[in-house]
Each structure stands twice: as C-alpha cells, then as structure tokens.
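Hello,

Here is the structure I promised to pass on to you. Have a look at it first, and then read on for what turned up in it.

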Amino acid sequence: MLASLQRLDLNTYLPTGSSFVLLVDPATNKVIEQRQLARANPFSSVKEWNGAVYLGEAGVLDRRTPHLDGAIEKLDAVNLESLGIVIEEAELGGDVLDFEILDANHGVAIVAMPESAVVLFDPASGRKTRTLESPSGFRFSQVLVDRERSVFYVTDRDLQNPGIRVYDF
C-alpha cells in the first residue's frame with residue numbers, strides 16, 4: 001500500500017519541510033520503503049499509468065493567491081525512486097488539485113487559479129497544451145480516466161447545473 005505524508009502545520013496548514021511517500025505492508029502495518037518527494041504537500045491520490053506512479057504535489061495550497069510551487073511527480077512503481085517532475089504548477093497555471101495521465105502525450109489536471117480550471121498538458125514535454133474549461137467559481141475538484149473507453153470524467157459543482165462532465169481523448 002502506498003501512503004503520502006503531507007507534513008502540514010496544524011495551525012496554518014502550510015507545508016513544514018519535506019513530504020514523503022511510503023510503501024506500507026498491509027499485513028504487518030510496517031513501513032517497507034520511504035522516499036522524499038521533490039515538492040511539498042502531496043495532495044492528490046496516487047495515480048498509476050504504464051508502470052509508474054504519479055503524485056500531485058500542491059505545495060502551498062491557497063485559493064486566494066496561488067503560490068505555484070508544486071508539480072506532478074513521476075515515481076518508479078517498484079522502488080519509489082523519483083523519475084522527475086512531469087509538469088510544474090507554474091506551467092499549469094494553478095495549484096494542482098487533481099490530475100490523470102491519459103496516455104504518453106496527454107494529461108488532464110484540475111488546478112486552482114483561484115477559480116478551478118480543467119487544463120490539458122503533455123506529460124512527455126511538460127507543457128500545458130490548452131485550457132479546456134475555466135468558468136468563474138471553484139467548480140471542479142476531481143478527474144477520473146477510463147482508458148478502455150478513451151474518456152475522462154470531471155466533477156462539476158456548478159450550483160445551477162452540477163454533474164459529471166465527460167470528455168473524449
């Protein structure tokens with residue numbers, strides 16, 4: 001089982017030093033492996049694609065004033081060694097809230113800028129390719145991919161028309 005350690009100050013909720021990813025044996029509840037992450041505050045769930053794991057590391061998460069100090073990091077699924085930063089928050093244009101790697105050249109992220117937006121990026125080049133949705137307000141929070149159907153789903157908390165948005169890729 002993989003677990004991420006944010007290490008946040010309980011008064012300010014700001015990151016306090018390095019964050020880590022842990023490999024835990026669920027039978028014994030013992031930590032087998034611990035690796036320091038490249039950025040602070042792993043905020044997303046662990047994502048898997050093509051033999052690697054990915055974490056969205058939000059750094060300082062502040063909807064009013066994004067600090068853009070986080071990134072999406074790629075880790076080797078076997079030994080948890082960092083394989084580098086896939087894309088920086090500064091390139092995405094906001095704090096990483098959630099993301100999915102769709103395929104070798106396509107990814108989708110939900111970022112806070114301070115409104116939430118859905119952006120597309122190229123994991124191979126580390127470049128944002130376009131903003132898919134950027135309405136006013138903090139509407140988007142999660143994304144999930146279905147590679148068999150080549151679609152991804154985005155939760156939309158719009159007060160007038162909430163739902164799950166479906167996009168082809």
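In what order do the three strands of the open sheet come, and is their pairing parallel or antiparallel? The order is 12-13-14, and the pairing is antiparallel. Before the rest, a word on the ground rules. This is a predicted model, so local features need pLDDT of at least 70 and side-chain atom pairs count only at pLDDT 80 or more, while totals for chains, interfaces and linings use all residues. Residues are numbered from 1 along each chain as its sequence is written, and side-chain values use heavy atoms, with hydrogens and water left out.

Strands are DSSP runs (E, at least two residues), numbered from the N terminus, and two of them pair if DSSP finds at least two bridges between them.

Strand 13 and strand 14 run antiparallel and are joined by six bridges; Phe 152 has Tyr 167 as its bridge partner in strand 14.

The rings of Phe 152 and Tyr 167 have centres 5.2 Å apart and planes at 25°, so the pair is stacked. For the cut-offs, rings of Phe, Tyr and Trp (its six-membered ring) pair if their centres lie within 6.5 Å, and planes under 30 degrees apart count as stacked, over 60 as edge-to-face and the rest as tilted. Phe 152 belongs to strand 13 (residues 151-156) and Tyr 167 to strand 14 (residues 163-168), 15 residues apart. Phe 152 is buried at 2% relative accessibility, and Tyr 167 is buried as well, at 15% (buried means under 20% relative accessible area, exposed over 50%, partly exposed in between, with a 1.4 Å probe and protein chains only).

Next, strand 5 (residues 52-57), where six of six residues are buried. Ala 52, Tyr 54 and Gly 56 point one way, and Val 53, Leu 55 and Glu 57 point the other way. Strand 5 pairs in the antiparallel sense with strand 4 (residues 47-49) over three bridges, and Trp 49 stands opposite Ala 52. The hairpin of strand 4 and strand 5 has two residues between the strands, and Asn 50 takes a positive phi near 55° there. With strand 6 (residues 71-76), strand 5 pairs in the antiparallel sense over six bridges, and the bridge partner of Gly 56 is Ile 72.

Lys 47 lies over the face of Phe 99, at 5.7 Å from the ring centre; this counts if NZ of Lys or CZ of Arg is within 6 Å of the ring centre and within 35 degrees of the ring normal.

Finally, some backbone details to look at. Arg 7 has a positive phi near 60° and is found in the loop between strand 1 (2-5) and strand 2 (20-25). Tyr 13 is in the loop between strand 1 and strand 2 and has a positive phi of about 60°. Arg 7 is partly exposed at 41% relative accessibility, whereas Tyr 13 is exposed at 57%. A cis peptide bond joins Met 113 and Pro 114, with omega about -10°; Pro 114 is found in the loop between strand 9 (106-112) and strand 10 (116-122).

Best wishes

Notes: Helices (H or I, at least four residues) and strands (E, at least two) are DSSP runs, numbered from the N terminus.
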